[in-house]
Amino acid sequence: MNYKLFLLSLIAVIAMATPAFAGTKSVSSTCRFDSSKKNTDNNVSSDTEQVAEYDINVYGGNYTDGDKFDGLTRKVGFDRMIPPHALEVCYEKTTHIIFPSEIVYCDLGNENLVAGLADGAKNVLRVKSAFKSFKQETNLSVITEDGSYYSFNVKFAKEPLLLNIEMTDFLHDGEAVNRPNNAQEIYLEKLGSESPMLVKLIMKSIYKQNKREIKHIGSKRFGVQFLLKSIYANNGLLYFHTELKNTSNIPFDVDYVSFKIVDKKVIKRTAMQEQVLEPLRAQNYVTVVHGKSSERTVFALEKFTIPDDKQLVIEIAEKEGGRHQSFVVENEDIVRANIIDELSIQ
């Protein structure tokens, strides 16, 4: 009796030590195919055939799995569907798709496709067939940084009609059927509760209106002037509107623009404490300001305030040059930021 009890206990311990998902592999990349979809014909429940036979007897020979759900279920109407685009791919050539903003998510329908970002470009997706031919149509889904969602139905073609495709967001598509009229925006984690599309509209509106609300913050040296024109606040984000004027004849090549919170006074032999703030978005970020010209940029940052003993320093550096510009923004300037009226966004 004790021997049987010992044997049963040993079997129970071995069963508990065996991982439930042994042998599975995770796939992590820009464009991925869920390996759990592979060979689904052999991965079916033992009661599938019985259920299917029962449903056919009850609902008739034309029954499909999508005709019946358990419980009270409302069918999704075509007015809620995002119409997919048609895409052709082949094995010998690569199809490139240019999106209006950076790609943050991509999913492949099955293993017949291979895709990835083009080298050095975050908004260009390259797609091709993984095999010399495939018969079954598959799909491709893409989400971009501005919160837009794109869907494609993909099939194999020996000679694809379109190899280079430029996509546009729904604001510039000109197509009433591009997506549902009351479609929900895709929210991205780093923008918090703000819609990416609304952020884009706010930045465009600030840039278009071009108001100078602040007249006492700026820097001017060597024929270059760097100004802070206005600060706006909306739903947990701050918007900084800057302008760079180049009155010289030599182009100003922008190396970087930085936002740093630093100590107001630094005691000798004491290291300066810096907190670098990364802009979440930038409208009209330029890399060069030609001579006798000016450029404006709108930066979006996560909401913040500054302690009394610190200050915000906004700096723009010239690439391989010495005409760097910087100015200081006090906490009182930030707390007086203008509130954006979303109804007046143009």
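This is a predicted model: local features need pLDDT of at least 70, side-chain atom pairs count only at pLDDT 80 or more; totals for chains, interfaces and linings use all residues.

Which strand is the place of Thr144? I found Thr144 in strand 7, residues 138-144. Strands here are DSSP runs of E with at least two residues, helices are runs of H or I with at least four residues, and both are numbered from the N terminus.

Residues are numbered from 1 along each chain as its sequence is written, and side-chain values use heavy atoms, with hydrogens and water left out.

**Entry: Thr144, continued**

I looked up its accessibility next. Thr144 counts as buried because its relative accessibility is 0%; the cut-offs are under 20% relative accessible area for buried, over 50% for exposed, and partly exposed in between, with a 1.4 Å probe and protein chains only. I also checked Thr144 against Tyr105: they are 39 residues apart along the chain, and their C-alpha atoms are separated by 6.9 Å.

**Entry: the whole chain**

I counted four helices and 20 strands. The chain has 346 residues, and 36% of them are buried. Of the contacts between residues at least 6 apart in sequence, 66% join residues at least 24 apart; contact means heavy atoms within 4.5 Å.

**Entry: cores**

How many residues does the largest nonpolar core have? I get 29, and the ones with the most contacts inside it are Leu228, Phe240, Phe259, Phe304, Leu312, Ile314 and Val329. The elements giving two or more residues to this core are strand 11 (224-234), strand 12 (237-246), strand 13 (252-263), strand 17 (293-302), strand 18 (310-318) and strand 19 (325-329). For the record, a nonpolar core is a set of buried Ala, Val, Leu, Ile, Met, Phe, Trp, Tyr and Cys residues joined through side-chain atoms within 4.5 Å.

Skipping neighbours within four places in sequence, Val329 touches Ile217, Leu228, Ile231, Ile306, Gln311, Leu312, Ile314 and Ile334. There is also a second, separate core of 21 residues, with Leu87, Ile103, Leu113 and Val154 among them.

**Entry: strand 18 and its partners**

Eight of the nine residues of strand 18 are buried, so I logged this strand as mostly covered. Strand 18 pairs antiparallel with strand 13 over nine bridges, where a pair needs at least two bridges found by DSSP.

Then I asked about a charged residue. Apart from neighbours within four places in sequence, its contacts are Phe226, Tyr256, Val257, Ser258, Lys260, His324, Gln325 and Ser326.

**Entry: cavities**

I found two cavities of 30 Å³ or more. Of its 13 lining residues, the closest to its centre are Thr242, Val257, Val286, Thr297 and Ile316. Strand 12, strand 13 and strand 17 each supply at least two residues of that lining.

Method note: a cavity is a set of points on a 1 Å grid over the protein atoms alone where a 1.4 Å probe fits but cannot get out, and lining residues have an atom within 4 Å of a point. Points are joined across faces, edges and corners, and a volume is the space filled by probe spheres set on them.

**Entry: positive phi**

Most residues other than glycine have a negative phi, so I went looking for exceptions. Asn284 has a positive phi near 60° and lies in the loop between strand 15 (281-283) and strand 16 (288-289). Asn284 is partly exposed, with a relative accessible area of 27%.

Lys292 has a positive phi of about 60° and is placed in the loop between strand 16 and strand 17. Lys292 is exposed, given a relative accessible area of 60%.

Conventions
On a 1 Å grid over the protein atoms alone, a cavity is a set of points where a 1.4 Å probe fits but cannot get out, and a pocket is an open set with protein on both sides within 12 Å along at least five of seven lines; lining residues have an atom within 4 Å of a point.
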